[in-house]
Amino acid sequence: MRLLIVGAGQRMTSVLLPALRRAGPALQVAAICDPDPTTTARVAELAAAGHLPSVVPVFPDVDKALDAGPYEVAVLACPHDLHQELTLRLADDGIAVWKEKPYALSLEHAVQLTGRDVRVLAHRPHGQLLQIAADRLAAWGRLLSYRIRITRPTGDYTGTWRASADRAGGGAICDLGYHAFDLISRLTGRYSVRHTADRYERHHAHPATVYAVTAASPAHRPPVEVEESAHLTITHTDGCAGSVYLSRCEGRADEVDLVAEHGRITVSADRALLQVTAVPGGSARCVELTAVEDDPWAAMLRHHTRTLGDRSVTAMEAQAGIAATALMEAAFTSVRLHRPIAVACAPTSPASGASPTLEGVTS
C-alpha cells in the first residue's frame, strides 16, 4: 500500500521509519510532503542508508503531493496547529489518515473527525504488558484507582514550534499527557464485573472531573510558553480515582499502576507485577512478567494495516480519541481556572448532525 508522509521532522527519522521497516513490507513510503528546503537532502541520506526506498519524491505542499498520488494511507506528523485542516483535507480525499497525537486539540475538532477514516498513532495500548492489563481488568471487577507517570529528559526546544502555545497547543499535558488520556479512555471506558459464574454486568467508568496543577520550569532550563510538568487528579463517575504525573524535565519513566477489586497490575517499562486476590481480605498471588521483544510501534502499525478500511475499528479509535481529547481539554481548563473541571460532553458534530455525550462516545 502506498503511504504518504506529511511532515518529515526528527520523529519521522528516529521513530516512524524504523517502525515501518519492523512492521513489514505491507506499507511502502511513496512520497513525502514537507516545506523545509532541507528535506530533499535528508530524504536522500535516509534512502542511501536503507531507511527509505531509493527514489522517494518530496513535495513542498499537500496539493502537489496529492497530484502525484494515489495513496491508501497518509501519516500526519506535522506541527499540531496544522493537524485539523490537513486531516480533513486528506480524509475527504479518500485517504486513511494515521495522525500523530493528539487526536485533536479541542473536543469540537475531535468530533469533526468522526465518520472519517482517521486514527491516532497511540502505540502504548499495543504493548504486550498493557494488553495483558486490559485483558485482566475484565476479570478483576471494578477498577478502584490508577496511577500513571510519564516523564522525559527533553532537551532545549525553545527554537522549535513545540515551545509555542499557539502552535503546539500545550506542553507536557498535550505531548505526554495524551498518552495517559488515551490509556485511561481505553482501560476505564468500559469493563465487566463478574456477579455469578455465567453472568456479567457492564459498567462504564468514564471520567467525571479533572484537577490539573502545573509547576514553573526549572531555573536551569530556558523559559517556554508551554507547561513542562503537570500533576492531574481524575475522578470517575463510579468513584474510581486516578493520578497522572507528567514531566519533560526528568529522567525517562513510563509507569502504570491499576488497582481493581480482585487484582492489581503495575507496569514499568518492560516489566510488570500482577497481584491477584480471589476474595476480599484473602491472600494475594503475585506473578512477575517481562515483555519479550516488545515492539508496540510496529505492532500498532501492523494492527492498523490489517484493519485498514474496517469501519468498526475506526469507530473504536474515534471513541478513544474523543474521550482522550475531552480529558486533555478539561485539564487545560483546570490549569487556567485553578479548580477542578467537569469533563465536557461532546459538542454537536457537523459531520453527523448528532449530539453525542461523552458517555455515549466511550460506551
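**Chatting through a predicted model**

User: Let's start with R89. What does it count as, at 37% relative accessibility?

Analyst: R89 counts as partly exposed, because its relative accessibility is 37%. Buried means under 20% relative accessible area, exposed means over 50%, and partly exposed is in between (1.4 Å probe, protein chains only). This is a predicted model: local features need pLDDT of at least 70, side-chain atom pairs count only at pLDDT 80 or more, and totals for chains, interfaces and linings use all residues.

User: Thanks! Where is R89 found, and what is it in contact with, leaving aside neighbours within four places in sequence?

Analyst: R89 is in helix 4, residues 83-92. Helices here are DSSP runs (H or I, at least four residues), strands are E runs of at least two, and both are numbered from the N terminus. Beyond those neighbours, R89 contacts V62, D63 and L66, where contact means heavy atoms within 4.5 Å. Although V62 is 27 residues away along the chain, its C-alpha atom is 9.0 Å from that of R89.

User: New topic: helix 2. Which of its residues are buried?

Analyst: In helix 2 (residues 39-48), the buried ones are T39, V43, L46 and A47. They cover an arc of only 100° around the axis, so they sit on the same side of helix 2. That arc is taken from the directions from the helix axis to the C-beta atoms.

User: And what is exposed on the other side of helix 2?

Analyst: E45 and A48 are exposed there. The buried residues, meanwhile, pack against helix 1, strand 2 (28-33) and strand 3 (58-59). Just after helix 2 comes G50, with a positive phi of about 85°.

User: What about helix 6, which residues are buried there?

Analyst: L129, L130, A133 and L137 are the buried residues of helix 6 (residues 128-137). They fall within an arc of 95° seen down the axis, so they line one face of helix 6.

User: Last one: in the largest nonpolar core, which residues touch the most other members?

Analyst: L90 and Y103 do, out of 73 residues in that core. A nonpolar core is a set of buried Ala, Val, Leu, Ile, Met, Phe, Trp, Tyr and Cys residues joined through side-chain atoms within 4.5 Å. Helix 11 (residues 311-337) gives the largest share of this core, 8 residues. Apart from it lies another core of 27 residues, including L3, A8, L17 and V43.

Notes:
Residues numbered from 1 in each chain as written. Heavy atoms only, no water.
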